[in-house]
There are 2 protein chains.
Amino acid sequence: MNKIITIGREFGSGGREAGRRIAELLGIAYYDREIIAEIAKRTSLSENYVRNVAEHKPVIPFPIHTGRTFWAVIPDYGQSVQQEQHNIIREMASHSDCVIVGRGADYILRDFNPFRLFIYSDMSSKIKRCQDNSTSDYDRGAGMTEDELEKRINQINKSRADYYEFYTGQKWGDKANYDLCINTAKIEPIKIAEFVAKIC
Amino acid sequence: MNKIITIGREFGSGGREAGRRIAELLGIAYYDREIIAEIAKRTSLSENYVRNVAEHKPVIPFPIHTGRTFWAVIPDYGQSVQQEQHNIIREMASHSDCVIVGRGADYILRDFNPFRLFIYSDMSSKIKRCQDNSTSDYDRGAGMTEDELEKRINQINKSRADYYEFYTGQKWGDKANYDLCINTAKIEPIKIAEFVAKIC
């Protein structure tokens, strides 16, 4: 069975950097947003189409008596994307050793016996990391006040928790679901990567 | 400031072994039950006296009208032991670099900026470790059925959680209170020790 490392992470904690470094040290594949791009290529709904629907909220020109509104269709689309994403993640894991960041991969690949890492941090460290423009991941936080950043970080993490819990039925970030939980306030991503590369 | 490593741990997860190995690798002091022994030496109440009180529950020969029963004195005794333990832990941490297992040391020493480790595991691994007579920590589990062991493990961990939460006001095992949480189902204590020794 391939060596699979999954990473759950709080926004602003350096999880993606840790993931990339682990993949580099082990010389294995690394996936995060590429998964979504792959989904967009495979499904008949392109990313542009989805964005268009979301932005323009088309008016429904006739009464609907089926008990479902137009917008009730969206969850079906969501399920379709989720199923496709699920299939792609399993395909990637079957194909080669890899690191997969986010997307509930620890749960989707539970029968692959993945090494399950969760990266977190305290709020002040997350804000500091977001303010650091030297990492391309977080430069979107430039120019925001600390209060605005904290709100944004909490929003994104709430969204990640909701997504994870909806699709897995498990609590996001609960250490029982992981092999290793690391607080990056004191431990740098490169140290995490060296340790994980050594034990995996 | 001295190098202080505190370890919280689920019973049966190998936390004491990890602690001893970290102390060995770093060549620093290691404390767990020694703390209690030290308390017994310092306080006027010996361990034997305490045990005697607990076992024989002395009858109160007269009515008490102060609004406090004899047994209401016990929490005072508990607080006295706790205060003494608190002082000893701080004294140890002030004296030299050390590893301290349990006793809420992560909270008691929070102004010492300790490295805070939590060791846990899944139930099947904890049962297996308890059944392994090669470690003196757990040979008390020999001869018990798996159901009996599970019950015992849960009881001890409930007791640890209650103790920690009572004296710290924090949730025992909540990763937000630790720098590193390691599941020993996949990671052996020696690997934990090597990593912690490297980053501390």
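What share of the 200 residues in chain A is made up of buried residues? Buried residues account for 35% of them, where a residue is buried if 20 or more other C-beta atoms lie within 10 Å of its own, exposed if 12 or fewer, and partly exposed in between, with C-beta atoms placed from the backbone.

This is a predicted model, in which local features need pLDDT of at least 70 and side-chain atom pairs count only at pLDDT 80 or more, while totals for chains, interfaces and linings use all residues. Residues are numbered from 1 along each chain as its sequence is written, and chains are lettered from A and ligands numbered from 1 in the order in which they are written.

**View 1. The elements of chain A.** Chain A contains eight helices and five strands, these being DSSP runs numbered from the N terminus (helices H or I, at least four residues; strands E, at least two). Starting at the N terminus, the order is β-α-β-α-α-α-β-α-β-α-α-β-α. Of the contacts in chain A with a separation of 6 or more, 75% are between residues 24 or more positions apart, a contact being two residues whose C-beta atoms, placed from the backbone, lie within 7 Å.

**View 2. Helix 1 of chain A and its surroundings.** Helix 1 (residues 15-26) has twelve residues and reaches 16 Å from its first C-alpha to its last, close to the 16 Å expected at 1.5 Å a residue, the expected span being 1.5 Å times one less than the number of residues. Its buried residues, including G15(A), R16(A) and E17(A), pack against strand 1 (4-9), strand 2 (29-31), strand 3 (98-101), strand 4 and helix 8 (189-199) of chain A. Just after the helix, G27(A) adopts a positive phi of about 65°.

**View 3. P114(A) in its loop.** P114(A) lies in the loop between helix 5 (105-108) and strand 4 (115-120) of chain A, and it counts as buried because it has 25 C-beta neighbours inside 10 Å. Apart from neighbours within four places in sequence, P114(A) is in contact with I4(A), I5(A), T6(A), D106(A) and L109(A).

**View 4. Where chain B touches chain A.** In this view, 14 residues of chain B are in contact with 14 residues of chain A. On the chain B side, strand 5 supplies the largest share, four residues. Strand 5 (residues 180-183) of chain A and strand 5 of chain B run antiparallel and are joined by three bridges, where pairing requires that DSSP finds at least two bridges between two strands. Within this pair, C181(A) stands opposite C181(B).
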